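Subject: Structure handover

Hello,

Here is the structure I promised to pass on. Please open it and keep it beside you while you read.

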Amino acid sequence: MTALTATQKIHYTLRVATAFCFIGHGSFGIITKAVWCNYFAVFGIGTDLAYKLMPWLGSFDILLGLMVLILPLRIIPAWLVVWGFITALCRPLSGEHFAEFIERAGNFGVPFVFLLLSGTLTKKNLLEPINPDLPVSDKTLRSVFLCLKIIVFLLLTGHGWLNLLEKKSLLSQYASLGFSNPAAVALTVGLFEISAAVSVLIRPLRSLIFIFFIWKMGTELLYPHYEFFEWVERGGSYGALLALWFILDPMLTRKAEHHTRSHNRNEANTGNPFASLSFSKIDRMKQSAFGVKKIVSAIFHSTFSIKL
């Protein structure tokens with residue numbers, strides 16, 4: 001069996017993450033999660049009708065999630081971008097904090113990047129399946145890289161922000177783990193996640209991205225109710241981090257750097273003022289590693305200085 005290329009790994013990561021997100025979300029519709037009534041109310045739908053609609057919408061979400069796995073027609077992730085954005089936006093529109101919206105950036109961001117990786121979207125190819133074997137241009141990879149950084153920044157910032165706000169469900173998680181001072185834990189986690197978000201946006205180091213990936217997968221298992229479905233629904237968060245880790249593969253970035261340098265030499269000959277820009281800035285990221293590690297170390301040090 002032929003090993004997957006770096007771009008194929010990114011493709012399948014985003015594909016599975018998109019499916020997980022909407023299969024998990026649909027499961028809550030079938031369960032008829034009570035808080036969804038607040039989101040239906042945004043559109044003027046009453047509680048009785050909301051409970052009747054939940055299983056239908058949930059089943060449709062699950063169907064589309066499964067189709068992404070089996071036959072990823074371009075129109076499906078295109079719709080999921082819109083649907084994921086609307087459902088995430090319903091949270092602040094229903095009175096919840098804006099951080100709830102940006103914490104769900106993976107819900108609509110990952111299917112968007114999945115589409116972006118697949119090439120140009122037109123009316124003619126909407127019903128065509130996405131081919132994971134097609135070559136991906138360096139320009140597309142640069143766009144994917146930038147989008148993934150922004151998505152990861154938003155979802156980590158959103159979750160860190162909710163910790164700083166001492167969201168009730170997060171405090172309950174920490175209390176259930178045996179911490180005597182959940183607020184102090186929330187403060188530490190919030191500072192850590194926001195610091196992580198900034199480091200990803202400015203200087204995404206591959207080793208730290210993998211640490212954040214493990215962190216996110218582990219912490220999302222701590223929900224006191226429907227743990228498995230909550231974990232599956234946040235597939236976009238893990239997928240964005242893992243795809244970013246794959247795109248920072250040294251082989252892929254060296255290839256992109258080589259192409260960019262060749263392109264820049266040609267552009268410099270024509271007097272292009274932007275010819276010095278490059279894709280990954282690997283050398284600068286390495287120089288900043290020590291600074292980022294100091295920030296992370298300081299946050300962990302503060303954990304032990306707080307009495308839990």
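Below is what was found, taken region by region. Please remember that this is a predicted model.

**Helix 1**

Start with helix 1, which covers residues 6-31. It has 26 residues. From its first C-alpha to its last it reaches 38 Å. That is close to the 38 Å expected at 1.5 Å a residue. How many residues of helix 1 are buried? The count is 19 of the 26, so helix 1 is largely enclosed by the rest of the structure.

**The nonpolar patch**

Next, turn to the surface. V42, F43, F60, L63, W79, V82, F85, I86 and L93 form a nonpolar patch there. Together they have about 800 Å² of accessible area. Two elements give two or more residues each to this patch: helix 3 (47-70) and helix 4 (75-93). Which of the elements gives the most? Helix 4 does, with 5 residues.

L93 sits in helix 4. Is L93 buried or exposed? L93 is exposed, because its relative accessible area is 56% and the cut-off is over 50%.

An α-helix has 3.6 residues a turn, so residues three or four places apart point the same way.

R91 has a relative accessible area of 11%. Buried means under 20%, so R91 counts as buried.

What does the side chain of R91 make a polar contact with? The partner is the side chain of Y39, at 2.6 Å. R91 also forms a salt bridge with E96. The closest N and O atoms of that pair are 3.4 Å apart. E96 is partly exposed, at 23% relative accessibility.

Leaving out residues up to four places away in sequence, R91 touches Y39, E96, E100 and R104.

**Salt bridges**

Now widen the view. How many salt bridges does a search of the whole structure find? It finds 11.

- E100 pairs with R104, and their closest N and O atoms are 2.8 Å apart. Both E100 and R104 are buried.
- E230 pairs with R234, and their closest N and O atoms are 2.7 Å apart. E230 is buried, and R234 is too.

Both pairs belong to a network of salt bridges. Its members are K33, E100, E103, R104, K167, K216, E220, E230, E233 and R234.

**E233**

Finish with one member of that network, E233. Where does E233 lie? It lies in helix 11, residues 227-233. E233 has a relative accessible area of 8%. That is under 20%, so E233 is buried. Leaving out residues up to four places away in sequence, E233 touches F20, C21, G24, H25, F28 and N107.

**To look through again**

Find the nonpolar patch, to which helix 4 gives 5 residues. Find R91, with Y39 and E96 among the residues it touches. Then find E233, buried in helix 11.

Best wishes

Conventions: Residues are numbered from 1 along each chain as its sequence is written. This is a predicted model: local features need pLDDT of at least 70, side-chain atom pairs count only at pLDDT 80 or more; totals for chains, interfaces and linings use all residues. Side-chain values use heavy atoms; hydrogens and water are left out. Patches are made of residues with over 30% relative accessible area and no salt bridge: like charges are joined within 9 Å, nonpolar side chains (Val, Leu, Ile, Met, Phe, Trp, Tyr) within 5 Å. Accessible areas come from the Shrake-Rupley method with a 1.4 Å probe; for residues, only the protein chains shown count as cover. A salt bridge is a side-chain nitrogen of Lys or Arg within 4 Å of a carboxyl oxygen of Asp or Glu. Helices (H or I, at least four residues) and strands (E, at least two) are DSSP runs, numbered from the N terminus. Buried means under 20% relative accessible area, exposed over 50%, partly exposed in between (1.4 Å probe, protein chains only). Contact means heavy atoms within 4.5 Å. A polar contact is a pair of N or O atoms within 3.5 Å; within protein, one must be able to donate a hydrogen and the other to accept it, and residues adjacent in sequence count only if both atoms are side-chain atoms. The expected span of a helix is 1.5 Å times one less than its number of residues.
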